[in-house]
Amino acid sequence: MGLSSTPDSQLPPATAASGIATVAVVGLGTMGTGIAEVLARAGREVIGIDIDDAAVRRSVATLESSTARAVRRERLTERERADALARFRTFSDLQAAAEADLVIEVVPEDYELKRQIFTALDSIVRPDTVLATGTNSLSVTRLAADSQRPERVLGLHFFAPAPAMKLVEVASSVLTAPTAVAAVTELARELGKDPIAVGDRPGFVADGLLFGYLNQAAAMYEAKYATREDIDAAMRLGCGLPMGPLALLDLIGIDTARTVLQAMYAASHDRLHAPAPILGQLAEAGLTGRKAGRGFYTYETPGSATVVPDGGTPDAQHEQAGSRTVRSVGVAGSGTMASGIAEVFAKSGFQVVLAARSQEKADRAKALVEKSLNRSVAKGRLTEEARDAALAAITPADSLDAFADVDLAVEAVAEDLAVKQQLFATLDKVCKPGAVLATTTSSLPVVACARATSRPQDVIGMHFFNPAPAMKLVEVVRTVLTADDVHATVRAVCAKVRKHPVDCGDRAGFIVNALLFPYLNNAVKMVQEHYASPDDIDTAMKLGGGYPMGPFELLDVVGLDVSLAIEKVLHQEFRDPGLAPAPLLEHLVAAGCLGRKTGRGFREYAKR
């Protein structure tokens, strides 16, 4: 059954360097169909095999509609579409794989099912045929050992959607022949993909890092530390990710994520990989995400991407009522963050006092604002009039005494608790009654700053992200002592300066750093264990996870010393062995290799 097979005249398979002309895809679900499309469009003969007639029909229909869409978008010609469809034939029996050079198995993550398929293929395919499993959680080595030809068995992990995603992980076991790895790696390149070689362990590189992060996000939500909307918004806006972690879990399938995490935990015994209980609860209840119509979010229909309101959706009417009036803002500090925050407030119509330890430093900080505003004018993002108005709104000062009349005081000084406590003690004396006092700390306890004053109810965290003018996120951190109207005031101010506030409690890392830095630390551990190189890991996370930067690019930009300090704070707060800083990170910091700022971190940089 299926589509006809007309040999492709444009790309004779024999010319392919990989030597792979005919590929059988076993399992025609979403991933199998996507892989079949990639192969057919690249000139390969594709044998699609599935015992479920309905799955076969859906696969054929999906391929027809997908290639038609590609024609409409002028990514394929009508002739290329016809040729691709002609190269895809479907069958219900594994015997159809007899003529394949490569078989890719993409059936559900069930070891016994996969073993039966590989055992059956042993007596069907040629001795030189490569057998690939699409698993990302089961043991490739075990599948190979149960096969009659272990040297021809490997893992070939595509990412969904296969036609769009560039990453392919080629996983070899200790039994895999280098020739098989070379052939499949070359095929991936011929398909226009970016292959990386990985060893056999659950999750490989991309999912090995991604699922630990997703699991921590689920645990954070389960602990009611933050809402699902705030967790997802924080990671999208704070890290530039295409999706928030809970929305991504719904897309992947909560049951699938739980299976992968169980395999990872069995291999690592790292508590960060132990599936959060909520994943089990949702999976057992059949609330597996988009495919079920409900997971962390509720969807219009099963399979729909449209989120609809439910009992967990935040109330639209927020705390505008009862907030304090803020017309003037004091910003303490003279660095990049202080000048960026001053710019944000000045552009939004607030009167700003920018105070530093000397008039010279304050003037220099205002000069940084002017430089940034001039850049915006040059790029057409700001008018000259708006620039001049913003600059006129900023008054540089050499003392916190200038904060006497401000309605909101924001400190952006060094990340040193003693320094911040001393500053808050001064603000307590200088600022008028009712003024809101905010810290921009990213890792220190806000309540410790509050306790340095006689008015802890007026103290709150406002964690801006760097560069403050560009980054939309502000983590609003209320302590157990923060007054409701202070919280309402800061949220209202965030809205006025066009930032997106997310609420979180006063604990180490807040939302973003608590999820980001364990992920970065786990990437360092992968390199430390010689599992993968920084280049391959960066490639995997950018191409497989949609991250704007790979973890090692980001570590070198943030600074390895800063990253280590945050890891230590997280480890000290949560006492989880999995959060202990990777020794390699500690060694690089001890050696003075701090990243771009020193010219060397995980990579070397040209000196400026």
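User: Which residues does Phe118 touch, not counting residues up to four places away in sequence?

Analyst: In this predicted model, Phe118 touches Glu105, Leu131, Ala132, Thr133, Leu143 and Val153. Contact here stands for heavy atoms within 4.5 Å. Phe118 itself has its place in helix α4.

User: Why does Phe118 count as buried?

Analyst: The cut-off for buried is under 20% relative accessible area. Phe118 has 2% relative accessibility, so Phe118 counts as buried.

User: What does helix α4 pack on, and which strands does it touch?

Analyst: Let me start with the sheet. It is an open sheet of eight strands in the order β3-β2-β1-β4-β5-β6-β7-β8, and its pairing is mixed. From one strand to the next, the twist averages 25 degrees. Helix α4 (residues 111-122) packs on this sheet and touches β1, β4, β5 and β6, with its direction at about 170 degrees to that of β5.

User: What makes β3 and β8 edge strands?

Analyst: Each of them has a single partner strand, so one side of β3 (88-91) and one side of β8 (194-199) is left without a neighbour in the sheet.

User: How do you know that β1 and β4 pair?

Analyst: Pairing asks for at least two bridges between two strands. Strand β1 (residues 22-26) and strand β4 (residues 102-105) have four bridges, in the parallel sense. As one example, the bridge partner of Val23 in β4 is Leu102.

User: Why is β7 described as largely enclosed?

Analyst: Five of the six residues of β7 (residues 167-172) are buried, so the strand is largely enclosed by the rest of the structure.

User: Why are α7 and α11 called roughly perpendicular?

Analyst: Angles from 65 to 115 degrees carry that name. Helix α7 (residues 206-222) and helix α11 (residues 277-284) pack at about 85 degrees, with their axes 8 Å apart. The two helices are therefore roughly perpendicular to each other. In the contact, Asn215, Ala218, Tyr221 and Glu222 of α7 meet Pro277, Ile278, Leu279 and Gln281 of α11. By class, that makes five nonpolar, two polar and one charged residues.

User: How many strands does the sheet with β17 and β18 have, and what is their order?

Analyst: This open sheet has eight strands, ordered β13-β12-β11-β14-β15-β16-β17-β18, with mixed pairing. Its edge strands are β13 (394-397) and β18 (500-505), each pairing on one side only. Strand β17 (residues 473-478) is joined to β18 by six bridges, and the two run parallel; Val474 stands opposite Pro501. Helix α17 (residues 484-496) packs on the sheet, touching β14, β15, β16, β17 and β18, and its direction makes about 175 degrees with that of β17.

User: Arg455 is charged. Why is Arg455 called buried?

Analyst: The same test gives the answer: buried means under 20%, and at 8% relative accessibility Arg455 counts as buried. Arg455 lies in the loop between α16 (446-450) and β16 (459-464).

User: What does the side chain of Arg455 reach?

Analyst: The side chain of Arg455 reaches the backbone oxygen of Asp428 at 2.8 Å. Leaving aside neighbours within four places in sequence, the contacts of Arg455 include Leu427, Cys431, Lys432 and Leu437.

Terms used: Residues are numbered from 1 along each chain as its sequence is written. This is a predicted model: local features need pLDDT of at least 70, side-chain atom pairs count only at pLDDT 80 or more; totals for chains, interfaces and linings use all residues. Side-chain values use heavy atoms; hydrogens and water are left out. Axes are lines fitted to C-alpha atoms, for helices over the stretch in contact, and angles run from 0 to 180 degrees between N-to-C directions. Angles under 35 degrees count as roughly parallel, over 145 as roughly antiparallel, 65 to 115 as roughly perpendicular and the rest as oblique. Buried means under 20% relative accessible area, exposed over 50%, partly exposed in between (1.4 Å probe, protein chains only). A polar contact is a pair of N or O atoms within 3.5 Å; within protein, one must be able to donate a hydrogen and the other to accept it, and residues adjacent in sequence count only if both atoms are side-chain atoms.
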